[in-house]
Amino acid sequence: MRTHELSRRQARRIAIRAQLLDDTTHSDLLDVVWSLTLLQVDQTAAVAPSADLVLWSRMGSAYRPDDLQSALAERRLVELDMMIRPSEDLALYRAEMAGWPGEGPLPGWMEDVVAWVEANDACRRDILERLAAAGPLPSRDLPDTCVVPWRSSGWNDHRNVSRMLTQLARRGEVAVSGRRGRERLWDLADRVFPHDDAVPAGDALHLRHERLLGALGIARTRGVGGAGEPAVVKGVPGVWRVDPMQLDDEFEGRTALLSPLDRLVFDRKRMAELFEFDYQLEMYKPAAARRWGYWALPVLHHDRLVGKVDATADRAAGVLRVDAVHEDVPFTAAMRSGVRTELADLARWLGLTLG
């Protein structure tokens, strides 16, 4: 198998096309999520929840958040481990769930998790019985009968029920049935997930790698195994894997404002290697230490990431407030125009006035 030789620009364009951020119109919600493979669940609403921003950036103002909620309610999409996925993809995870915690030697931290679940098996059964009788329920309505408390570095200390639910979800015993505001509702997985047969573990992992590479276009081998074909990117050390279906040189770009959790930028190392772009999510930093803003939106222009927009949806005032536009490179007239157009569309989609 030959190794493809790519320039950074070619690699960027492959990544952008794979993420549906080129100048192609997308109108079908389920097709978009299928192509992306997942939407990360994050309820931060400084502008809009990340999943909604990701879909808006691909579909424009035609996208309605209610459509996403309907697809989840109808089980055409499902939530798994804080990710929204096509329901058809659940078959690729069932063998892993059934084989929890996995074969072979486990890392020390996982051995601790397994020991904790086993020590609290009575609590596990109490939760499952409660859900069977009255689910779906929020975690606060489930019994905490753990005899050994969960301990961590501090963040999750004593959050026994939420930690147990996480492991029961990974075992395929419970699932997120829906949400009440930001609160997850839990139920037995058999009531939530489709009843498709599990794909054997080895085949499932290969198919997951192929699906992931299709969504990324180009990725390091560690994340996608042997999917795709080998490639090198000029100026970037190491070997990549590329989806051969996306090697077409044709490319029409556009300007787009991205969620800070958008998959094009979520892997910050890959982002820096291919796009030579400096970015961090700064919501957890003190205000005085932020360079770009609480929830700054990366700016994609054609095949480059060129800046960040610090914007906030002030719903009480009915305004999308733009506090700053940070230019990583001097903006051309086309870049400025593209950013203004996207901000105006974002404000309309949010039902706000651009301020």
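Student: In this predicted model, which exposed residues does the face of H7 turned away from its buried side carry?

Tutor: That face carries Glu-129 and Ala-133. Exposed requires over 50% relative accessible area.

Student: What makes the buried residues of H7 line one face of the helix?

Tutor: The buried residues are Cys-123, Arg-124, Ile-127, Leu-128 and Leu-131. Viewed down the axis of H7, they fall within an arc of 135 degrees, and therefore they line one face. An α-helix has 3.6 residues a turn, so residues three or four places apart point the same way. The buried residues of H7 pack against elements including helix H8 (160–170) and strand S6 (174–180).

Student: Why is the pair of Trp-56 and Trp-349 called stacked?

Tutor: Ring centres must lie within 6.5 Å for a pair, and planes under 30 degrees apart count as stacked. The centres of Trp-56 and Trp-349 are 6.0 Å apart and their planes are at 20 degrees, so the pair is stacked. The pair links distant parts of the chain, with Trp-56 in helix H3 and Trp-349 in helix H14, 293 residues apart.

Student: How do you know whether Trp-56 is buried or exposed?

Tutor: Buried means under 20% relative accessible area. Trp-56 has 2% relative accessibility and therefore counts as buried. Trp-349, at 12%, likewise counts as buried.

Student: What makes Lys-308 count as lying over the face of Trp-292?

Tutor: The distance limit is 6 Å from NZ of Lys to the ring centre, together with an angle within 35 degrees of the ring normal. Lys-308 lies over the face of Trp-292 at 4.0 Å from the ring centre. Trp-292 also forms a stacked aromatic pair with Tyr-279, and both of these residues are buried.

Methods
Residues numbered from 1 in each chain as written. Predicted model: local features only at pLDDT ≥ 70, side-chain atom pairs only at ≥ 80, totals over all residues. Heavy atoms only, no water. Buried < 20%, exposed > 50% of the residue type's maximum accessible area, 1.4 Å probe, protein only. Helix = DSSP H or I, 4+ residues; strand = E, 2+ residues; numbered from the N terminus. Arc of directions from axis to C-beta. Contact = heavy atoms within 4.5 Å. Phe/Tyr/Trp six-rings, centres within 6.5 Å; stacked < 30°, edge-to-face > 60°.
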